[in-house]
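Let us read a model together, feature by feature. Keep the view open as we go.

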Amino acid sequence: FDLAAADVEKFKRENDMLPKFDAFASASQDIGRSTSANASDDPFEFGIGLKFELPLARRVARGRLAAAHAKIGQLSQKARLVANKVEAEIRDAASALARAKENLQLFERSIVLARALERAEQDRLSEGESDLLRVNLREQATAKSRSTAIEARQACFIAVANYRAAMGLPK
């Protein structure tokens with residue numbers, strides 16, 4: 001956004017509405033012979049003056065000033081909107097990261113539990129109280145838990161990348 005240019009435009013339009021006051025001085029000297037028959041001409045002349053202008057039709061200047069103020073307001077609103085969007089993206093990314101970490105912890109805990117059940121079923125098999133089908137089902141449950149934990153770890157990496165991107169941090 002070009003807020004600085006809009007500020008400069010506003011100051012210029014405010015200046016357009018102010019009265020103008022100019023002072024000037026001039027000096028001149030003729031060289032050579034006079035071309036006039038009048039002998040009273042002085043070869044050296046000096047003059048000073050003041051010039052004051054007050055813009056009477058100031059509606060145009062007021063309109064331009066109002067437009068400059070409106071442009072500054074518009075740019076400020078756009079900047080606020082962008083800041084709000086960035087803030088929302090950061091909050092969303094932080095929330096997604098927190099959820100991904102919680103899920104990862106839960107799925108890693110489920111691996112521990114599934115593995116414990118698998119070992120217990122293998123112990124029962126060695127004691128003759130279970131069969132290979134039940135052991136196989138427990139092994140499949142452990143494999144499924146590990147697979148889900150891998151997906152949760154991937155989601156966690158993605159959430160970290162999204163959070164870093166929202167924060168504007170390097171890889």
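Q: Which residues of helix 1 are buried?
A: Helices are DSSP runs of H or I, at least four residues, numbered from the N terminus. Buried means under 20% relative accessible area, exposed over 50% (1.4 Å probe, protein chains only). In helix 1, the buried residues are Ala6, Lys10 and Arg13. They sit on the same side of helix 1, because their arc around the axis is only 65°. The arc uses directions from the helix axis to the C-beta atoms.

Q: What should I know about the source?
A: The model is predicted: local features need pLDDT of at least 70, side-chain atom pairs count only at pLDDT 80 or more, and totals for chains, interfaces and linings use all residues. Residues are numbered from 1 along each chain as its sequence is written, and side-chain values use heavy atoms, without hydrogens and water.

Q: Which exposed residues does the opposite face of helix 1 carry, turned away from its buried side?
A: Ala4 and Val8. Helix 2 is included in what covers the buried residues of helix 1.

Q: Which residues form the largest nonpolar core?
A: Such a core is a set of buried Ala, Val, Leu, Ile, Met, Phe, Trp, Tyr and Cys residues joined through side-chain atoms within 4.5 Å. Here the six are Leu97, Ala100, Leu104, Ala152, Cys156 and Ala159. Helix 2 (59-126) and helix 3 (132-167) each give two or more of them.

Q: What does Leu97 touch, leaving aside neighbours within four places in sequence?
A: Contact means heavy atoms within 4.5 Å. Leu97 is in contact with Cys156, Ala159, Val160 and Tyr163.

Q: Is Glu118 buried or exposed?
A: Glu118 is buried, at 8% relative accessible area. Glu118 lies in helix 2.
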